[in-house]
Structure formats: structure tokens, C-alpha cells
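Colleague: I would like to go through a model and learn how to read its features. Could you take them one at a time, with the general idea before the case?

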Amino acid sequence: MPDRSKRIRALLGGEDDAWDIFYRARAMKAAGEPVLELTIGEHDTGTDPAILDAMHRAALDGHTGYASVPGIAALRDRIAARMSEASGVPLSRDNILVTPGGQAGLFAAHHAALDEGDAGLMIDPYYATYPGTIRAVGARPVAVAARPEDGFQPRGADIAAAARETGARSLLINSPNNPTGAVYSADTLDDIAGAAEACDLWVISDEVYESQVWNGRHLPFAARPGMAARTLTVGSMSKSHAMTGSRLGWVAGPADVVADMIQLATHTTYGVPGYIQEAALFALGLGPEAERIVAAPFLRRRDLVLARIGAQNLLRAVPPEGAMYVMIDVRGTGLSGVDFAGALLEETRVAVMPGESFGKAAAGHVRVALTLPDDAFAEALDRLFTFAEARAAAA
Ligand code: PMP
């Protein structure tokens, strides 16, 4: 067999596969074991049947051929209007590329921002695909730690120092944040903007959790003064409308960069199915109340976790201000996040993600996804806290 490319072999950078626990949990489930799964960001509710009806109708109406590669005009217009309204930055369809999920948007944005061998910064803890996405464009991921004592808000000075040291050309940020639930404050965003300006960075702002903010409202990074010209914003229907499997996202940015990314789409995905795009257009037309309904269970379950945390002294958490996860600090048990998650799965059939899957700054934590119906979720929490107490007592 001929050699595979270095690039594809190096995608994981020699690190453990961050998804290992998830695959183990899925294998147990496939073997008939009743696993309570709090791993990936997948809603327990499923896509609204009204959206699925729109999808079905669109398919029957003939939207089954190749769709326009940048996205159908009506959807690009709708996304542009939605983002302009939120940020105050005027956008048109020329600023929008529709992609098969936010993940493809992250790839396209890094492809546009980075050359081979360039450094791309990302804030640690980070969503597990970030390093591989940066490596997939031939670049080098560089983590900049956000600290639990800062509520996982990154510091501009740390970003600027890392950029100067590595010559980085891009910075990937994510607010509301997966895995920490941090929502960056206006001050944090301005601090990041200052570093981006000083070090001439592209900012790739992953805003796929924009509809899940528990206090106040989402602050788009591109709205910070002077930032629109250096920002590529990634969005998605996955989290806001429980459409994870439909694979519909977008990248928004300056029109000339979007034109380049359309060329990339032509040579990779060749667009997103027309009936999915029509369904997304319908879904966005349902308005903010539909998004609030999708988000509501995560706020409720976040409060369940925080009440449990408040009732004991062993496990801690930085209270999440958004997204669908809680990072629990398990260091009091004496276990690493990997060991805690592995033993919890084996002994109690509850699956959570080790913090180490999200970078060094999240070591000694586990990420709990708020993604089971309330009763099952409460049962999973019972098992997790009981397990932690037993481990701490035995240590
Ligand atoms: N960014 C973040 C932070 C995520 O958590 C996810 C999915 N879990 C994505 C991007 C990608 O989402 P999708 O491709 O489904 O839009």
C-alpha cells in the first residue's frame, strides 16, 4: 500500500482520541447495556416535526438536485439579516457561505486564514475538534490557557504573548463556550479585540451556541469596533434548532474571503442539500421563541447540577453562563478526568467526557452534557455524585 499523507496521519497530533469514552459508551449501548449518556452535545428532544415537514415538502417539491454551492439566496439573505440584527454590522448574502454544519465552517475559515506551517491560536479548554481542524489545513494549533479562577475568560495579554512567540495568524474563540459554558464578557471581547489588532490576527469566532445564553444576550465578536474586517463568524442550526443531523451551518465574513471559501466548497462539499436549506429557512422563520424552547431544558438542568454542587464540598464547578454543558472539577476525588470518566462508565454506566479531551486547562475535570430528560439526568447525577464520594472516601 502506498504511504498515506503526513497531514492525514498527523491529524490527531499523536494525542489520544478525545472521543474514546464516547465510542466506548456507544459500543456498550449497541451491546444492549443501559448507558446514561452525557457525552456529546446532542439534544434529547430531536428536531421539531414542523421543520421536518418543511424538509419533506421541500424534497417533494423538487429541491433534491444540486443546490447553489454558496447556499440558496433566500437562506443566505435570512442568515445575513439575522446576524446584522444581532451585531449591527451590515451584511448581505455575499458575506455568507452556507456549509454542511458549523464544523465545515471552522475548516473553511482556517483554510482561508492560515498557510501551511502557520500557527493558529485556540483558547484552552477547547472543543475537541479544534486542534485537528487546524492541523487539517496544514497549520499548527497553539493553545492559550483560560483559567478556572478567571471563570475561563481568556486574557488578551496571554493571547498577544502566544501570538508574538509563534507568529500566529489566527485566533479561534468560542462564546458561549464548549466545554466550560463561559460566556465572554464585553470586557473580555474588547481585550481579545485589542490583541487581535495588535498582532494582526484573523479571529475565527465560533458562535454556534449563540441561542443558549443564560444571562443577558449573546455578544457577537464581529460587533466589537474595527473587528468585522478581521472576523470570520461560524454559526449553525445544530444547537439552536436541534438540527445536529441535518448538517447545516455557515461562515460569515468579508465578501472577498467568502468568495474564496466558496471556491473551497466547490472543490470539497459542493454545497448543502436544497431540502435541508429550505428546512433551515423555515426554521429560522419560526423566530426566537422556537430557539428559546430548544434551549430551555439546558438551563433547567444546569440549575439541577448547580444545586447538587452547592449541597456538597467535594466536586466544584464554574457556573456555566451558556451552552449545554457543565464542567465539573473532580480533583477532590484524587482522580484525573480520564480515570474518573473511565471508572464512572465501567462502574455506574454513566458516560461523561474527560476534561483532558478538551485540553490541558481542563485536566481534572469532566464535562457533563445536559442532554438527557430530567428524570434520567437526575439519576445520572445521583450516580456521579455517589461514585465521587465513594472514591474520595477510599483515597
Ligand atoms: N463548535 C462547537 C463549539 C461545537 O460544540 C460543535 C458541535 N458540538 C460545533 C462547532 C460543530 O457543530 P455542527 O457542525 O453540528 O454545526
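Colleague: Is Arg247 buried, partly exposed or exposed, and what is its relative accessible area?

Modeller: This is a predicted model. The relative accessible area of Arg247 is 35%; a residue is buried under 20% and exposed over 50%, so Arg247 counts as partly exposed. Arg247 sits in the loop between strand 7 (231-236) and strand 8 (249-252).

Colleague: Which side of helix 7 is buried, and which residues make it up?

Modeller: Start from the helical repeat: an α-helix has 3.6 residues a turn, so residues three or four places apart point the same way. In helix 7 (residues 156-166), the buried residues are Gly156, Ile159, Ala160, Ala162 and Ala163. They cover an arc of only 165° around the axis, so they are on the same side of helix 7. Ala157, Arg164 and Glu165 are exposed on the other side. The cover over the buried residues includes strand 3 (119-124), strand 4 (140-145), strand 5 and helix 8 (186-198).

Colleague: What does the length of helix 5 tell me?

Modeller: Compare the expected span with the distance between the ends. Helix 5 (residues 101-113) has 13 residues and at 1.5 Å a residue should span 18 Å; its end C-alpha atoms are 19 Å apart, which agrees. Its buried residues are Gly101, Gly102, Gly105, Leu106, Ala108, Ala109, His110 and Ala113.

Colleague: What does Ser170 touch, beyond residues up to four places away in sequence?

Modeller: Ser170 lies in strand 5 (residues 170-174) and counts as buried, because its relative accessibility is 0%. With those sequence neighbours set aside, Ser170 touches His110, Ala113, Leu114, Ala119, Gly120, Leu121, Leu201, Trp202 and Ile204.

Colleague: Where is Ala279, and what is it in contact with?

Modeller: Ala279 is in helix 10 (residues 274-284); at 0% relative accessibility it counts as buried. Neighbours within four places in sequence aside, Ala279 is in contact with Ile51, Ala54, Met55 and Met243.

Colleague: How many residues does the largest nonpolar core have?

Modeller: It has 60 residues, and Ile328, Phe340 and Val352 have the most contacts inside it. Helix 13 (residues 374-394) gives the most to this core, seven residues. Domain 1 (6-46 + 289-394) and domain 2 (49-287) each supply at least three residues to this core. Another core lies apart from it, with 26 residues, among them Ala119, Phe152, Ala162 and Tyr184. As for Phe340, its contacts beyond four places in sequence are Val330, Thr333, Leu335, Val366, Leu384, Phe387 and Ala388.

Colleague: How many Å separate the centres of domain 1 and domain 2?

Modeller: Over C-alpha atoms, the centres are separated by 25 Å. The contact takes 37 residues from domain 1 and 39 residues from domain 2.

Colleague: What radius of gyration does the protein chain have?

Modeller: The protein chain has 21 Å; a compact globule of 395 residues would have a value near 21 Å, which agrees. The C-alpha trace spans about 60 × 55 × 55 Å along its principal axes. Of the 395 residues, 55% count as buried. The secondary structure comes to 13 helices and twelve strands.

Definitions and conventions: Residues numbered from 1 in each chain as written. Predicted model: local features only at pLDDT ≥ 70, side-chain atom pairs only at ≥ 80, totals over all residues. Heavy atoms only, no water. Core = buried A, V, L, I, M, F, W, Y, C linked by side-chain atoms within 4.5 Å. Buried < 20%, exposed > 50% of the residue type's maximum accessible area, 1.4 Å probe, protein only. Helix = DSSP H or I, 4+ residues; strand = E, 2+ residues; numbered from the N terminus. Domains from an automatic or database assignment. Contact = heavy atoms within 4.5 Å. Expected span 1.5 Å × (residues − 1). Arc of directions from axis to C-beta. Rg over C-alpha atoms; globule rule 2.2 N^0.38 Å.
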